[in-house]
Amino acid sequence: MTETLAYRRLVAAILVRAARDAQADDPDLAAPARRWLAGSGAAWAEMLDIPPERVTAWVGQLPTLFYEQLALFEL
């Protein structure tokens, strides 16, 4: 297996896990996965020749969570 193929498989596995988490019934798991996919995750998808807009559009079409976990900020 070439090194490039190994990296692509790793990126694909991370994106698949995030997509599954984004669809979870648990907002504590789904909310951070959705935020990641809408931001950095979309850029990772581009490594697999998936347009980032497609990823962010998919996240936007997911059913609304019954509550959204707020992003944590350090003050």
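**Notebook: helix packing and core**

I looked up contact range: among contacts (heavy atoms within 4.5 Å) in the protein between residues at least 6 apart in sequence, 57% join residues at least 24 apart.

The model is predicted; local features need pLDDT of at least 70, side-chain atom pairs count only at pLDDT 80 or more, and totals for chains, interfaces and linings use all residues. Residues are numbered from 1 along each chain as its sequence is written, and side-chain values use heavy atoms, with hydrogens and water left out.

I read the secondary structure as four helices and zero strands (DSSP runs, H or I of at least four residues for helices, E of at least two for strands, numbered from the N terminus).

Next I took α1 (residues 3-22) and α2 (residues 27-38). Their axes come within 7 Å and cross at roughly 130° (lines fitted to C-alpha atoms over the stretch in contact, angles from 0 to 180 degrees between N-to-C directions). That makes α1 oblique to α2 (under 35 degrees is roughly parallel, over 145 roughly antiparallel, 65 to 115 roughly perpendicular, the rest oblique). The α1 residues in the contact include Ile14 and Leu15, and those of α2 include Trp36 and Leu37.

I then listed the largest nonpolar core, which has twelve residues, among them Val11, Leu15, Leu48 and Leu62 (buried Ala, Val, Leu, Ile, Met, Phe, Trp, Tyr and Cys joined through side-chain atoms within 4.5 Å; buried is under 20% relative accessible area, 1.4 Å probe, protein chains only). α1 gives the most to this core, with four residues.

Finally I checked Leu48: leaving aside neighbours within four places in sequence, Leu48 contacts Arg8, Val11, Ala12 and Leu15.

How values were computed. Buried < 20%, exposed > 50% of the residue type's maximum accessible area, 1.4 Å probe, protein only.
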